[in-house]
Amino acid sequence: MKQALLELMRMNRICRMVLATCLGSFILVIFYFQSMFHPVIHRNPFAPDVCCRKGSRNALQELYNPTQLEYSSTAILHQMRRDQVSDTCRAYSTSSRKRRVLTPSDLKHLVVDEEHEMIYCYVPKVACTNWKRVMMVLTGRGKYSDPMDIAPNEAHIPSNLKTLNQYSIPEINHRLKSYLKFLFVREPFERLVSAYRNKFTRKYNTSFHKRFGTKIVRRHRKNATQEALHSGSDVKFEEFVDYLIHPTTQKEEPFNEHWQTVYSLCHPCHIRYDLVGKYETLEQDSNYILRLAGVIDYLRFPTYAKSTRTTDEMTAGFFQNISSHHQTQLFELYKFDFLMFNYTTPSYLKLD
């Protein structure tokens, strides 16, 4: 009797094992057929981790795992730009021992859009007014609909946009890891001449004349008039260049953001940007980002039709009276922006 009971218990265990095996196999078969009709999205191993909004794809997912194949050539272009930045950073890190940890104060140029999970590092003189307007539309929760309805001075009011330095350290790290990060760049010397023209040749920029113009005239102009020393409103481009390359200038204080390097403003060797837009392809790159964010149906980047825009030919004219020695010194200041964003050395330069 006892032997029969043991045999019955053994048979029950075998039956349970067979039943469990069959059930597991059945579940695997279900998952197999589901995967045939609903393929799993495979993550790019080189893409950063993505923290998705519930029930939707964010811009970072759309960039690295696009649903629209017609934009594959654009994705390749931006991959090449990312690689250029990475290669330059690696080359720089092997030739220099300089390395520091970013602090929240380094992140004041990074504008955060929580709704669309994007971070934009703004660079003055690279269409940043229009991009700030666009970010105000994206983050305004319906307050704004047309970027061009926003006054330029309103776009530059700090309280109208939230920047990354306003978050806690854990919140900063999460957003840098999970949000799409982008910036826009411009040929460095074209951007520099644009800054000079805007800040030193326009009568309305009296604050720049007082703060920087008077200092430049005092240091770099012989026999300056009292009027020039007082107003600083007639700074010549040659004097501006002398000021930039003078050894005491950056020892006194960092460059103003309008002529500071992109390398120093946005820290691309510390922050891995997903997209590097270019001023030369401004509208195409901008609208590509808006498409990734899923807002292109109702929001387009404003068309740029300003006739006074600084061009390459205009920039060459400004450099005609700069000595080859000073050109070489200036190029050294902006060298990493040239290399990192794949801008060739201008043909008009006469370097030592």
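**Contacts, helices and charges**

In the protein chain, 69% of the contacts with a separation of 6 or more are between residues 24 or more positions apart, where contact means heavy atoms within 4.5 Å. This is a predicted model: local features need pLDDT of at least 70 and side-chain atom pairs count only at pLDDT 80 or more, while totals for chains, interfaces and linings use all residues. Residues are numbered from 1 along each chain as its sequence is written, and side-chain values use heavy atoms, with hydrogens and water left out.

The chain has 15 helices and four strands. Those are DSSP runs, numbered from the N terminus: helices are H or I with at least four residues, strands are E with at least two. Of the 352 residues, 45% are buried. Buried means under 20% relative accessible area, exposed means over 50%, and partly exposed is in between, with a 1.4 Å probe and protein chains only.

Start with helix α4, residues 128-139. Its twelve residues reach 16 Å from first C-alpha to last, close to the 16 Å expected at 1.5 Å a residue; the expected span is 1.5 Å times one less than the number of residues. Ten of the twelve are buried, among them W131, K132 and R133. The buried residues of α4 pack against β1, β2, α5, β3 and α13. After the helix comes R141, with a positive phi near 50 degrees.

Next, α8, residues 206-220. The 15 residues should span 21 Å at 1.5 Å a residue, and the end C-alpha atoms are 19 Å apart, which agrees. Where does α8 bend? At F212, by about 40 degrees. The bend at a residue is the angle between axes fitted to the seven residues ending there and the seven starting there. Buried residues in α8 include F208, H209 and F212, and the cover over its buried residues includes α7, α9, α10 and α11.

That brings us to K199, which lies in α7, residues 188-200. K199 is buried yet has no salt bridge; E257, the nearest side chain of opposite charge, is 7.4 Å away. Here Lys and Arg count as positive and Asp and Glu as negative, with His and the chain ends not counted. A salt bridge is a side-chain nitrogen of Lys or Arg within 4 Å of a carboxyl oxygen of Asp or Glu. Leaving aside neighbours within four places in sequence, K199 is in contact with N205, F208, H209, H258 and W259.

How many salt bridges are there by this rule? The count comes to 13. In one of them, R175 meets E114 at 2.8 Å, N to O. R175 sits in helix α6 and E114 in the loop between β1 and β2, so the pair ties together parts 61 residues apart in sequence. R175 is buried, at 12% relative accessible area, whereas E114 is partly exposed at 32%.

D234 and R221 also meet in a salt bridge, at 3.2 Å. D234 is in the loop between α9 and α10, and R221 in the loop between α8 and α9, 13 residues apart.

Last, α15, residues 324-340. This helix has 17 residues and reaches 23 Å, close to the expected 24 Å, with a kink of about 60 degrees centred on Y334. K335 and E332 form a salt bridge at 3.5 Å; both lie in α15, three residues apart, about one turn of the helix.
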